[in-house]
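Let's see how the labels on a model follow from values and cut-offs. Have a look at the structure, and then we will go through some of its features in turn.

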Amino acid sequence: MELKIKQKLMVSPAKPTWKGNQSLSEWDHIGYTTYTNVIYFYAPTSTPFQTVTQTLIDSLSHTLVYFYPLAGRLHSLSNGRFQLDCNEDGALFVAAELNVDLSHFEKDHFTPTPEFNRYLIPYINESLPIHERPICLVQLTKLSCGGLSLGFTTSHVLVDGLSGANFMTEWARVAQGLPLQKVPFFDKKAFGVGSNCCGSNPLQFDHSNDFCSMPFLLKQPNAEELKKMETTVFILKLTKEQVQKLKNKANNDHNGQMIKKSSSRPYTCYEALTSHIWRCSIKARKHLNEQLTACLVAIDSRQRLQPPLPISYFGNGALNVMASCKAGELLSQPLSYGASKIRSVIDMVTNNYILSATEFLKGEQDLTKFQYSYKSSTNGGGKYIGNPIMSVTNWMNLSFEGIDFGWGKEIHFGPGYDEIDGGVLILRNKCSDHENVSLLIFICLLVEHVQPFKKYFYDDL
């Protein structure tokens, strides 16, 4: 494949915006501090490519007036923290042409591959100091059939899933000459920014387990085994009937009777599916019974705070919490047992918990140890993501899909290629070509674990 760059420029806000240093919340500094990528594919359009390009550049410039932090730059502080410089330096925009057509990606149902990041996602020169790298990068690519792809990359230090989805929705509205639906909300006082404490009783919880190092394999791979480890991404699909079957299984015992829970609420689709994924990963990875495993879930805190933050809050409002259990214990119990573990950590995230955890983080001198690492299965550095951990992110209710800049909605939306062993992303399927498919589950695992995982995933439904 040959990629030809046709245009490359920094897009600044169309009007002057606020300038200065902006403090970030403690939750912006921890967890994933790398870039995240998503990609859209569009059917061939009669709109000339130059018109498409100029429409996106102009509308991006006007959208950045409202989302001006995306035009700024991050600065790394010495204690694992970051500071945002709102300086109007701009977002990177690339227009390119690639000599393949949509069918090349469609034949594998748009499964993310390294080709996505190499040809369709804007390149980030990570050798540059962080203050020289754009926070937001966009690549529009024209394919040989006339189809289009749009790669969107942002720094997770500034943007979580809901913030990114809100931005894409508003950018598309601006491109069509429509007013913003949700003006971004930047005030971070709810997370203790600008104050010495978060509440009258800040440390109401023991957070030693919430922020400690995650479990590691009892049998560590040697150097040669590490070299041979290769990850891949694959997509699994569930119909509405399969989703309902899984929910029923989580909420009923083996005799078809409703399980008595401490809460009267039935287990949700996410709780049941996450428990199922967790169990399948243990089987596919062939964990010993005594192996401690973990499942990370991201919980949006916006509506859990009191008073609640608006949905348009721009920043990291999603908090990662961890359910853990020994492999043998989880597999010896029904699906509901894992679902109860997931629900327990979800319900833990209350207003008091968020304020207490925020105060705990503010009291930590260095936050580097709370930033995720996923380079190997060794137990050095920060918090490790990988075997024996699964990280299941729920994007089922985000507005990433249906993005129409004026030449029709996308035919596919999904993440870029990511090499995090155990990373899972759940999306609702909104593609009319697969109407019976309810959910798309993007999973990254070591190659040797993929086929066993697929088998358990469908056999155990």
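This is a predicted model: local features need pLDDT of at least 70, side-chain atom pairs count only at pLDDT 80 or more; totals for chains, interfaces and linings use all residues.

Q: Where does Pro-388 lie?
A: Pro-388 lies in the loop between strand S13 (383–384) and strand S14 (389–394), strands being DSSP runs of E with at least two residues, numbered from the N terminus like the helices (H or I, at least four residues). Residues are numbered from 1 along each chain as its sequence is written, and side-chain values use heavy atoms, with hydrogens and water left out.

Q: Which value of omega goes with the cis peptide bond from Gln-306 to Pro-307?
A: Omega is near -5° for that bond. Pro-307 sits in the loop between strand S10 (292–300) and strand S11 (318–326).

Q: What makes Phe-110 count as buried?
A: Its relative accessible area is 6%, and buried means under 20% (exposed is over 50%, partly exposed in between, with a 1.4 Å probe and protein chains only). Phe-110 is therefore buried. Phe-110 also has a positive phi of about 60° although it is not a glycine, and its place is the loop between helix H3 (102–106) and helix H4 (114–120).

Q: Where is Glu-88 found?
A: Glu-88 is in the loop between strand S5 (82–86) and strand S6 (91–98). Glu-88, not a glycine either, has a positive phi of about 65°.

Q: Why is H7 called roughly perpendicular to H8?
A: The axes of helix H7 (residues 240–251) and H8 cross at roughly 85° and come within 9 Å. These axes are lines fitted to C-alpha atoms over the stretch in contact, with angles from 0 to 180 degrees between N-to-C directions. Angles of 65 to 115 degrees count as roughly perpendicular, under 35 as roughly parallel, over 145 as roughly antiparallel and the rest as oblique, so H7 is roughly perpendicular to H8. Val-243, Leu-246, Lys-247 and Ala-250 in H7 meet Cys-269, Ala-272, Leu-273 and His-276 in H8, where contact means heavy atoms within 4.5 Å.

Q: Which residues of H12 are buried?
A: His-449, Val-450, Phe-453 and Phe-457 are buried in H12. The buried residues of H12 pack against strand S9 (231–239), H8 and strand S17 (437–446).

Q: What makes a set of residues a nonpolar core?
A: Its members are buried Ala, Val, Leu, Ile, Met, Phe, Trp, Tyr and Cys residues joined through side-chain atoms within 4.5 Å. The largest such core has 58 residues, and Leu-273, Ile-277, Val-297, Ile-426, Ile-441, Phe-453 and Phe-457 touch the most other members. H8 gives the most to this core, with nine residues. A second, separate core of 56 residues includes Phe-93, Phe-152, Leu-162 and Leu-440.
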